[in-house]
Each structure stands twice: as C-alpha cells, then as structure tokens.
Amino acid sequence: MKEIISLQDIKHFDSRSEQFQPLEWYKSMLESGSISYNENSDTWNAFKYDAVKTVLSDYEHFSSEGDRTTISVKFSEDDKQMNSKVNFLKMDPPHNRKGRSLLASAFTPRSLENWKPRINQIAENLITQIEKGKTEDIVAALANPMPAMVMSDLLGIPKPDVIKFKKWVDILFLPYDKSKKDVIDNQKNQAIKEFFTYLQPVIIEKRQQLQDDIISDLIRAEVDGERLTDFEIIEMTMAILGAGVETTSHMISTSFYALLYDDNELFSELKAHPEYIDRTVEEMLRYRFHMSRRDRTVKKDNNILGVDLKKGDVVVAWMSAANMDEEMFEEPFQLNIHRKNNKKHLTFGNGPHFCLGAPLARLELKLILENLVKRFSKIEPIESFELEPNLTDSATGQTLTSLPLKLS
C-alpha cells in the first residue's frame, strides 16, 4: 500500500471556496519559479507548464512506481495484489503497455462514434426534464446523474443499478483524511467487496453472450496472446467507472458555475454560435478543473528542472497550475473560449499516462452544451446562492454539492 501524501500538508486552504478556486495560490507559485520544495509534505512541487509536462512525460527520470502518492482512490482491498495488467497506471513504460493496450481496446475512436447517439439520448432526456423558468439544482438534475448513467450504459450495467454504482464511486473517491483514515479505509473496502459481489455474475453472463458494451470489449481484448480474467475485468471496470463518473461530474458542475459566475454572456454567445462549443469545452477544461495533479518519484539524481533532485524524491506535477502559466496562455486567469491554444491544456495529463477517457469526457460536455442551447435561451443564477456551504471534499479537490439556477 502506498503512503498517501495529504494535500493539506502541501497547502492549507482557509476555506472550501479558496480551494475550489485556488487561483491566487497558483499565481504566487508560478511567479516563484518552475519548482519548489514543501517541507511539510517532503515533496517537490512543479507548477510551470514546461516543468509539469517534463515530469509527466520523462519516465526515464520521473517514475509512476514510487512508494508515495497524492492519489487516494482505491480499486482493490490490497493494491499489492492488483495484477500488473490492471495496475498499469502505477507502472512505467514498457511495463504499462499491456494493461494500457487492453483498456484502450474499449476506447477506440470507432467506439466513441458508436456511443455518441446513446450518450446524446441520455443528455437530451435529462435536459428535457428541466422545467423552463423554475429553480433547478443542476448538480442533482444533470451533473451527477449524467456520467453515472453514461458509464453504466456503456459498461452494460442494468439501468436500475445506476444508483448503486454512483454510491460505490462516491466512496471509492473519498479523499484522504488523516483523522478518519481507518474509517474511510473500511468504507472503501466494503464498497469494493459489494462491487465484486455484484459484477462477477454479470461478467460470467456476458462471457456466454457478448454484447456491444465495454465489459464485452474487455472480455474480447487480447494483447500478446493474453486476455483479462474475471477478477482483472472487475478491477478494470471499477477504475473505468470511478474515473468516468467522479471527474466528469465535477467537470460538468464547474462548467455550469462558469456559465453563471465567470462569464454570464457566454451562454448567449453559444446560443448564437453553437459552433463555438468545442472550443468552450477545451477552455472549461483548462480554466475550471482546478486541482488536477499527478505525482512522480525521481528515478535518478538529476537537475533537469533547475534544482538538484535526488533519487527517491517525490515531485507533484500540478497540471491545473500549468494551465494558468502566462508563458503558455495569454491572460490565463481569464475565461476566454477564443483563446487560440486552449487545447494545449494539461488537464488530462501528458505522456505515457495520458487519460484514455479524455475523448469521452469531452463528448459528454459537448453534448450537454449542444442540447442546452437548443432548448433554452437564457441561464440565470439564484441570488441567494452561497458557494462555501455548497462545496464538499472530493478526489478533485472541492466539488459542488448543489448549484441552483434558472433556465428559460
């Protein structure tokens, strides 16, 4: 089991709102240089774009295989028992190739194109249920159910069980808290047991009759003559489900926050120019995904980032801070969908562990915005809304529990 590095040891935020929008911290860190040492957490932290990109991509010097991590998500009761084909996110090339190739077989461009009508139907159905002119909590109405419904559908899970899956994901993504470590570990282990108990008979049934879904694709997948066992498919499904639900829910809810509070003219602009939606998706990912980070362990002494790093040191690469680097993005602390290079953001990572689910996340937000501007002409905030009490801890930092608004 890896030692968890607490975010609170790296940076203590005075409020949930400050952590939800840590732009002042990023600004000060970016001004201080490419990388800095944090004594409380015993970590080096990279903020500048080039430094972050180097840490993520240069696996000869920065390894995914260290003993410490900032990621508290759990997909097995004992991480040491996870098969290498499933645990490839914690491995360097070439050892991660087999697992990544097996998973990639379920996320091909062909699959994405085939999924598009199914995902669009889910978005359309949810948005149709939003009543014009009435106050609606967009988190409950859309941001939370949409990714859970999409992933359950694509995995081939019966619709009535979507709520179970969302509950398990919420538990698996509970953030690290020193004061509640044992309690949270027990909750996660129980969720893992329930998930395994539920999914194993589903996989056995699908082996008898393959269908058009991700679990069936994982059953079919073969690399170097090897296939995934039932146990491996369950673990990989858990990882897919977790990554595809929690982070995507956060992306959707914060995008609505941006439409309400970052640029209240943007919705009207998209209504008049729906062709701007693709660039809007990229700018939301750059500007509104604020706590994206990855940790790497130094494999050998080096000075690549301008400081003397020693073998075994941990470097945390802050992708969200890199997205605010003015040397890469002009006026980075402004939301601007017309930014020419906004697709260069590092929200999904870079290098050998670039997120395989990135095209799916992009597609979900794109289809939501397309259906939204078709049905509605105006979006309005609710005057009584206060940010602080409507935030909660999550693997993505602070995420919205509720966001009331009116669409008309």
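Predicted model: local features only at pLDDT ≥ 70, side-chain atom pairs only at ≥ 80, totals over all residues.
Modeller: Residues are numbered from 1 along each chain as its sequence is written, and side-chain values use heavy atoms, leaving out hydrogens and water.

Biologist: Nice to start simply: how many helices and strands does the protein have?

Modeller: Helices (H or I, at least four residues) and strands (E, at least two) are DSSP runs, numbered from the N terminus. By that count, the protein has 16 helices and 12 strands.

Biologist: What is the radius of gyration of the protein?

Modeller: The radius is taken over C-alpha atoms, and the globule rule is 2.2 Å times the number of residues to the power 0.38. For 408 residues, a compact globule would come out near 22 Å. The protein agrees with that, at 21 Å.

Biologist: What percentage of the 408 residues is buried?

Modeller: Buried means under 20% relative accessible area, exposed means over 50%, and partly exposed lies in between (1.4 Å probe, protein chains only). On that scale, the buried part of the protein is 55%.

Biologist: Which residues touch the most other members of the largest nonpolar core?

Modeller: In soluble globular proteins, nonpolar side chains tend to be buried together. A nonpolar core is a set of buried Ala, Val, Leu, Ile, Met, Phe, Trp, Tyr and Cys residues joined through side-chain atoms within 4.5 Å. The largest one here holds 106 residues, and those touching the most other members are M146, L199, F256 and W318.

Biologist: Is I184 buried or exposed?

Modeller: I184 sits in helix 10 (residues 181-208). Leaving aside residues up to four places away in sequence, I184 touches L174, P175 and D177, where contact means heavy atoms within 4.5 Å. Its relative accessible area is 12%, so I184 is buried.

Biologist: Where is D42 found?

Modeller: Most residues other than glycine have a negative phi. D42 is not a glycine, yet has a positive phi of about 55°. With 43% relative accessibility, D42 counts as partly exposed. Its place is the loop between strand 2 (35-38) and strand 3 (43-46).

Biologist: And is E331 buried or exposed?

Modeller: E331 also has a positive phi, near 45°. It lies in the loop between helix 15 (319-322) and helix 16 (358-375). Because its relative accessible area is 57%, E331 is exposed.
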